[in-house]
Every structure is written in C-alpha cells, then in structure tokens.
Amino acid sequence: MSKKYSENEIFSILKEHESGISMRELGRKYQVHRDTISSWKQKYGGMDPSQMKKLKELQSEHDRLKRMYADLSMEPCLKRSNVKKALKPAERRQWVRELIEGYGLSIRQACSTVSLSRTVYSYQPKEDQEDITILVALDELTDQHSSLGFWKLYHMLRGRGYRWNHKRVYRIYCTMRLNIRRKKKRRVAKREAIPLLQPLYKNESWSIDFMSDALWDGTRFRTLNIIDDYNREALSIEVDNSIGSSRVVRCLKGLVSELGAPGQIRVDNGPEFTSFVFRQWCEQVGIRIQYIQPGKPSQNAFIERFNGSYRNEVLNTYLFNSITEVRNTTRKWLWHYNSSRPHEALMNMTPLAFANRRNSLVA
C-alpha cells in the first residue's frame with residue numbers, strides 16, 4: 001500500500017528530482033512508484049507548497065459542487081415521480097425502472113437515488129413450486145369458505161394431509177392479502193345500576209330509544225322514540241332512513257322549547273347517545289344523562305314497553321311503501337296512544353287523562 005504524502009513532502013521530493021536525482025532512486029527512497037512521481041511532476045511542477053495546498057482546496061470544492069449539481073439534477077426526478085416511499089426491494093426495483101425509462105438515468109444513478117444495490121436490482125427471484133401449490137390450495141379453500149380465518153384454513157390443510165409449516169403458509173396467506181380484519185368490540189364505560197322509579201311529576205324524566213324496520217322494497221328505516229316516564233306520554237316519534245346524534249339533538253331542542261327541559265334523560269349506550277354532540281348539548285341545557293348498563297334493557301323498561309306497543313300495533317301491522325306512509329300512520333297512532341288508548345299501569349287511563357287528573361288533584 002502506498003504511503004500518503006503531504007504537500008510539503010511532495011514539494012521536497014520534486015525539488016530533489018529537479019536537483020538531478022532520478023525518479024527510480026526517489027521511488028526506492030520514498031517507496032513510491034516512479035509513475036506516481038511523474039504524476040506529481042505533471043500536476044504540481046513549478047508550484048510551491050502554498051500553491052499546491054490551494055490547488056487541492058480548489059479540487060475539493062470542485063468535487064463538492066459537482067456532487068451538489070448531481071443532487072439538484074436528480075431532484076426533479078424524485079419530485080415528479082409519483083412512486084410512494086419504497087421500503088421493499090421489489091418496490092425499489094420498480095422505482096429504479098421508472099427512473100431509467102422516464103428520465104434516462106443510468107442504472108448506477110437510479111440505484112444510487114433510491115439507495116438500492118445494483119446486485120439487488122439485478123436479482124431475479126426464483127419461483128418456488130411448493131409456494132405455488134400452497135397458493136392454489138389456499139385459493140381453493142377461501143373460495144369455498146370466504147369467512148374463515150388463517151388458523152381454520154391452516155388446520156383444514158393439515159386435515160387434508162399437507163404438512164406445511166404454519167409460518168410458510170401464513171407468508172403465502174399474507175401475500176394473497178387474505179387477512180380478515182378483526183372486529184373490535186366497542187368499549188363502553190361502566191354504568192351504575194339505578195332503580196327504575198316512576199317520577200312524581202311531568203318532565204322529571206324522559207326515556208329515549210331507537211327502533212328499526214324496513215319498507216316493502218327492503219329499504220331500512222329507523223325511528224327515534226321519546227316518552228315522558230311520568231305518564232308514559234309519547235312526546236315524539238322521528239322516522240327517517242338515518243338518524244344521527246345531530247338529528248337527536250335537533251328533535252330534543254324542539255321538544256324542550258315547547259314543553260321545557262326534563263330533569264334527566266334515560267338512554268342506552270348507543271353511539272348517538274354517547275357522542276360529544278349529544279353530551280355537550282345536555283350539559284349546556286342542564287339535563288342529566290342517565291345511562292343504563294350495557295345489555296340491560298330492563299333498566300329502561302318504560303320505553304321498552306312503549307316500543308313493544310308501537311311495533312305490534314304499527315310496524316308489524318302495516319306494509320309501508322315509503323317513509324311518508326310510515327310518518328303519517330305513526331302520527332295517527334301517536335294521537336290515539338296519548339288520548340284514546342288506556343294504559344294498565346295508569347289505572348286504565350290514557351296518558352293525557354292521567355296527567356290532567358294529577359294536575360286537578362294538585363290544584
């Protein structure tokens with residue numbers, strides 16, 4: 001390995017050569033080849049050490065500017081390329097091909113741009129016949145059993161006599177993008193069990209719940225049922241294809257402006273009632289939200305009893321062709337329920353009659 005010499009040392013060697021010492025002797029003396037001394041002479045001949053140092057600095061700056069220019073010339077290629085950040089070698093190879101074909105870069109430049117080895121770029125993967133057999137077997141099983149997950153499919157393959165390792169089968173399974181997204185159970189906050197008591201006054205407590213059904217053509221619709229727990233009066237039944245939390249708040253605003261705000265609202269843990277929109281509005285109005293425990297509809301028995309009557313007497317009795325028919329029929333039944341239909345829990349009085357009797361007794 002040749003020794004590296006400083007500018008001063010190179011200058012002194014060239015001075016010795018100018019004084020008459022041959023390149024052969026200088027080469028043996030300083031252990032460098034005479035061609036190296038000849039190159040020094042062509043490059044630095046007639047310079048002093050300060051000039052040699054300055055020349056090296058200029059060469060270093062020139063190399064830096066060349067690299068900068070190369071980087072800037074590659075920047076439009078990277079900006080205009082619509083390929084996302086490539087992480088896998090196959091994706092990087094595709095990116096290299098696009099840079100070569102689209103921008104005329106050499107293989108070396110393109111590989112350097114995407115930080116890919118030219119050996120990896122030139123590599124051609126060999127098809128494994130065993131992997132193809134696994135792929136065909138998995139494709140056949142998933143075509144017959146589309147809802148089964150990996151482990152069910154794997155054990156079915158084992159039952160058919162295949163002895164493939166589960167890691168190998170899973171690799172092919174992922175390559176085929178057969179992964180089934182696991183449905184996460186919605187987490188519901190713990191609720192306290194509060195006894196269901198009949199209120200002593202109107203607007204002390206309201207109960208709200210959703211129901212769903214379908215039109216004659218199969219179109220689904222929902223109903224938002226609201227009752228006053230005191231006299232079981234049905235305050236409103238909203239009917240539409242979709243009823244979100246904003247629609248719930250809008251309906252409640254209309255009732256509050258007409259009847260006043262209730263002390264509390266008893267609801268289940270549905271997304272419409274646990275949403276920020278619903279909770280924020282109740283907090284602003286000063287309404288306490290009473291959530292029932294998950295899976296305990298009996299804790300909201302007043303509205304559940306009302307839902308049963310509404311389903312038996314309206315939804316299960318009529319065939320509807322449109323949402324308008326559902327609304328018209330519901331409006332007529334709502335008037336009948338509040339003013340004409342006797343309620344056993346109210347001493348066979350109607351909800352309106354029970355509320356009027358209470359008012360007359362208080363008066």
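N203 sits in the loop that runs between α10 (166–175) and β1. In this predicted model, N203 has a positive phi of about 60° although it is not a glycine. N203 counts as buried because its relative accessibility is 17%, and the limit for buried is under 20%.

S115 also has a positive phi, near 55°, in a residue other than glycine. Its place is the loop between α6 (107–113) and α7 (118–122). With 61% relative accessibility, S115 counts as exposed. A further positive phi, near 95°, belongs to G260, which follows α11.

**Salt bridges**

Side chains of opposite charge can pair when their charged atoms come close. The structure holds 12 salt bridges.

| Pair | N to O distance |
|---|---|
| R171 and D131 | 3.2 Å |
| D228 and K202 | 3.8 Å |
| D229 and R266 | 3.0 Å |

The salt bridge between R171 and D131 links distant parts of the chain: R171 belongs to helix α10 and D131 to helix α8, 40 residues apart. R171 is partly exposed, with a relative accessible area of 42%, whereas D131 is buried at 15%.

In the salt bridge of D228 with K202, D228 lies in strand β2 and K202 in the loop between α10 and β1, so the pair ties together parts that are 26 residues apart in sequence. D228 is buried, with a relative accessible area of 0%. K202 is partly exposed, with a relative accessible area of 35%.

D229 and R266 form a salt bridge; D229 is in the loop between β2 and β3 and R266 in strand β4, so this pair ties together parts that are 37 residues apart in sequence. Both D229 and R266 are buried.

Salt bridges also link E238, D240, R247 and R327 in a network. One of these residues, R247, is among the buried residues of α11.

Helix α11 covers residues 245–259, and its 15 residues should span 21 Å at 1.5 Å a residue; the end C-alpha atoms are 21 Å apart, which agrees. The buried residues of this helix are S245, R247, V248, V249, C251, L252, L255 and V256. An α-helix has 3.6 residues a turn, so residues three or four places apart point the same way. Among the elements that cover the buried residues of α11 are the strands β1 (205–214), β2 (220–228), β3 (233–240) and β4 (264–267). The cover also includes the helices α12 (271–274) and α13 (276–285).

The loop between β4 and α12 holds N269. At 7% relative accessibility, N269 counts as buried. The N269 side chain reaches the backbone oxygen of I292 at 2.8 Å.

**A nonpolar patch**

I132, L135 and V136 make a nonpolar surface patch of about 220 Å². L135 is in helix α8, which comprises residues 129–144. L135 counts as partly exposed because its relative accessibility is 38%. Helix α8 also carries D131, the partner of R171 across to helix α10.

Technical notes:
Residues are numbered from 1 along each chain as its sequence is written. This is a predicted model: local features need pLDDT of at least 70, side-chain atom pairs count only at pLDDT 80 or more; totals for chains, interfaces and linings use all residues. Side-chain values use heavy atoms; hydrogens and water are left out. Patches are made of residues with over 30% relative accessible area and no salt bridge: like charges are joined within 9 Å, nonpolar side chains (Val, Leu, Ile, Met, Phe, Trp, Tyr) within 5 Å. Accessible areas come from the Shrake-Rupley method with a 1.4 Å probe; for residues, only the protein chains shown count as cover. A salt bridge is a side-chain nitrogen of Lys or Arg within 4 Å of a carboxyl oxygen of Asp or Glu. Helices (H or I, at least four residues) and strands (E, at least two) are DSSP runs, numbered from the N terminus. Buried means under 20% relative accessible area, exposed over 50%, partly exposed in between (1.4 Å probe, protein chains only). The expected span of a helix is 1.5 Å times one less than its number of residues. Contact means heavy atoms within 4.5 Å. A polar contact is a pair of N or O atoms within 3.5 Å; within protein, one must be able to donate a hydrogen and the other to accept it, and residues adjacent in sequence count only if both atoms are side-chain atoms.
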